Amino acid sequence: MTMLFPATHGRNLRKLMRDRLPAKVFKRLEDAGRLAGQSGVSAFVVGGLVRDLLLGHTTIDVDIAVEGDGMAFAGRLADRHGAALKIFERFATAYVVFPDGFKLDVATARGESYAHPTALPAVKPSSLEKDLYRRDFTINALAIDLNGRHFGDVIDYYGGLHDLKAKTIRVLHDRSFVDDPTRLFRAIRFEQRFGFHLDANTLGLLRQAAATDLVHRLSGPRLRNEVMALLAEQDPRRTIRRMAGLDLLRFIHPAVTLTPQLSVFLSDLHKALAWWAKQFPGRPVDRALVYFMNLTERLDIAATDAVLKRLALPNRQADKVRTVKERLASTSRVLARRRALKPSQAYRLFAALPDEGFILLAARTKSSHVKRLLTAHVTPDRHVKPSLTGEDLKKMGLKPGPLYGKILDRLLDARLDGQVASEDQERDLAKKIANALGG
Ligand code: ATP
């Protein structure tokens with residue numbers, strides 16, 4: 001059961017805030033406190049920032065909860081800093097975007113009631129205490145007072161300080177996972193990120209909820225956000241293992257399981273990602289998507305499509321998943337032959353594969369031959385183009401038609417393979433190709 005601790009005003013974090021937060025952020029929080037006083041409301045920092053400050057991590061995601069009219073407060077805050085303001089009336093939340101790009105979230109403190117489990121909660125303005133009660137875990141239900149002489153005081157209604165010290169993830173009440181099943185995934189995320197453990201009651205509740213079909217009722221985007229957030233953690237091998245252990249992978253698709261083979265492969269993937277980051281530092285990839293592709297690798301196209309639909313993956317990501325699924329096996333086969341490839345052949349082989357697919361390739365083959373090929377061809381080739389365009393071919397008197405595509409393709413190969421190096425040489429070659437093809 002939830003342990004109710006008395007609200008703590010004992011510990012003051014002013015110094016920690018000043019030392020850890022960027023000076024500008026600290027000043028803005030002091031100013032928000034002053035403004036709250038002038039406006040007759042109370043303002044508090046809530047959420048991840050409080051937890052991370054106490055853990056010695058730096059985050060600069062600032063969430064402020066206001067007892068009173070938070071939206072009017074956000075408006076005044078934006079005015080006095082020349083900041084942009086975006087208000088979401090329905091949710092009583094606002095973004096304040098300062099001229100230097102720094103963003104602060106403001107919300108009216110509210111209690112929440114759920115029309116039915118998994119529905120988005122309805123908003124009712126309320127006290128900080130109630131606002132904190134609707135949060136997922138005690139360590140996320142801490143607040144910092146910004147008001148007057150209390151500036152910097154930690155407010156701890158639900159034992160978050162104790163749990164931080166004891167490295168415990170604990171829900172605030174027994175209906176927590178039923179009210180919001182995204183918390184099943186969030187529990188794992190925080191547990192694995194911080195090396196904490198789930199308190200025994202919380203683990204029991206999580207298992208109970210995981211055994212039902214509650215998660216099935218989550219919308220695609222909400223489920224996707226949680227799954228992707230788990231795969232975007234520092235070491236997704238751990239979050240995946242934990243999801244498997246708690247039987248949560250089935251919510252991605254029943255056929256997604258952690259086989260011993262996948263376990264080994266995840267480690268190879270981890271290494272391949274590190275290799276890529278070192279090799280191509282200016283070319284970041286969607287790490288979470290790489291792990292996702294790996295998790296769903298054994299699924300056929302139809303099952304993959306079902307997953308993409310269930311998670312409502314945005315088109316850009318879904319297209320990459322499909323392309324890699326369609327091309328990875330054949331690309332691996334060509335590479336496995338270990339025949340030397342001309343630069344143009346390597347280009348043709350790799351051109352359609354997203355970077356995330358290269359990483360899977362590198363992880364799968366573990367061969368330095370493939371890594372050499374990737375290093376040699378991936379980066380430079382994508383920028384190579386023939387000098388001539390369709391327009392130029394027209395000026396040369398060649399009749400527009402499918403012939404153009406063929407000529408330009410061959411010109412690109414010749415460029416890649418170093419057979420032509422100037423526009424004149426391209427022109428000569430274009431004529432030859434046109435003659436040979438009867439243009
Ligand atoms: P991260 O570092 O992963 O962003 P965070 O704690 O800042 O961690 P957010 O998802 O940004 O996580 O949420 C901010 C705060 O809002 C949380 O600390 C928590 O208090 C609350 N919160 C977010 N999602 C939920 C949820 N599903 N149920 C209850 N409270 C939530």
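## Salt bridges

R175 and D179 form a salt bridge in this predicted model, and the closest N and O atoms of the pair are 3.6 Å apart. Elsewhere, salt bridges that share partners link R110, D131, R134 and R135 into one network. The count for the model comes to 28 salt bridges.

In helix α1 (residues 14–20), K15 and D19 are four residues apart, about one turn of the helix, and their side chains meet in a salt bridge with an N to O distance of 2.8 Å. K15 counts as exposed because its relative accessibility is 53%, and the cut-off for exposed is over 50%. D19 has a relative accessible area of 49%, so D19 is classed as partly exposed. In helix α2 (residues 23–39), R34 and D31 are three residues apart, again about one turn of the helix. Their side chains also meet in a salt bridge, at 3.6 Å from N to O. Here R34 is partly exposed at 47% relative accessibility, while D31 is buried at 9%.

## A buried aspartate without a salt bridge

Where does D153 lie? Look in the loop between β8 (143–145) and β9 (154–155). D153 is buried, yet this residue has no salt bridge. The nearest side chain of opposite charge belongs to R149, 6.8 Å away. A salt bridge needs the nitrogen and the carboxyl oxygen to be within 4 Å, so R149 at 6.8 Å does not qualify as a partner for D153.

D153 does have a polar partner, however: its side chain and that of N12 are joined by a polar contact of 2.8 Å.

## Around the ligand

How many residues surround the ligand? There are 14, and the closest are R51, D180, R183, R189 and R193. An N or O atom in the side chain of R135 is 3.0 Å from an oxygen atom of the ligand. R135 is also a member of the salt-bridge network with R110, D131 and R134.

R186 has a polar side-chain atom 3.0 Å from a ligand oxygen atom. With G48 the backbone is involved instead: one of its backbone N or O atoms lies 3.3 Å from an oxygen atom of the ligand. On its own, the ligand has 590 Å² of accessible area, and the protein covers 74% of that.

T239 belongs to helix α11 (residues 236–245). Is T239 buried or exposed? T239 is buried, because its relative accessible area is 1% and the cut-off for buried is under 20%. A polar atom of the T239 side chain lies 2.9 Å from the backbone oxygen of L230. Setting aside neighbours within four places in sequence, T239 is in contact with I188, Q192, L230 and E233.

L205 is in helix α9 (residues 200–210). This leucine is buried as well, with a relative accessible area of 11%. Which residues does L205 touch, leaving aside its neighbours within four places in sequence? They are V171, D174 and F177. For a sense of distance across the model, L205 and K278 are 73 residues apart in sequence and 42 Å apart in space, C-alpha to C-alpha.

## Two alanines with positive phi

Most residues other than glycine have a negative phi. With that in mind, take a look at A92, which has a positive phi of about 55° although it is not a glycine. A92 is placed in the loop between β3 (84–88) and β4 (93–97). It is buried, with a relative accessible area of 11%.

A312 is another non-glycine residue with a positive phi, of about 45°. This alanine is found in the loop between α14 (301–310) and α15 (315–336). While A92 is buried, A312 is partly exposed, with a relative accessible area of 30%.

Terms used: Residues numbered from 1 in each chain as written. Predicted model: local features only at pLDDT ≥ 70, side-chain atom pairs only at ≥ 80, totals over all residues. Heavy atoms only, no water. Buried < 20%, exposed > 50% of the residue type's maximum accessible area, 1.4 Å probe, protein only. Lys, Arg positive; Asp, Glu negative; His and termini not counted. Polar contact = N/O pair within 3.5 Å; in protein donor to acceptor, adjacent residues only side chain to side chain. Near = heavy atom within 4 Å. Areas by Shrake-Rupley, 256 points an atom, 1.4 Å probe, with all protein chains shown as cover. Contact = heavy atoms within 4.5 Å.
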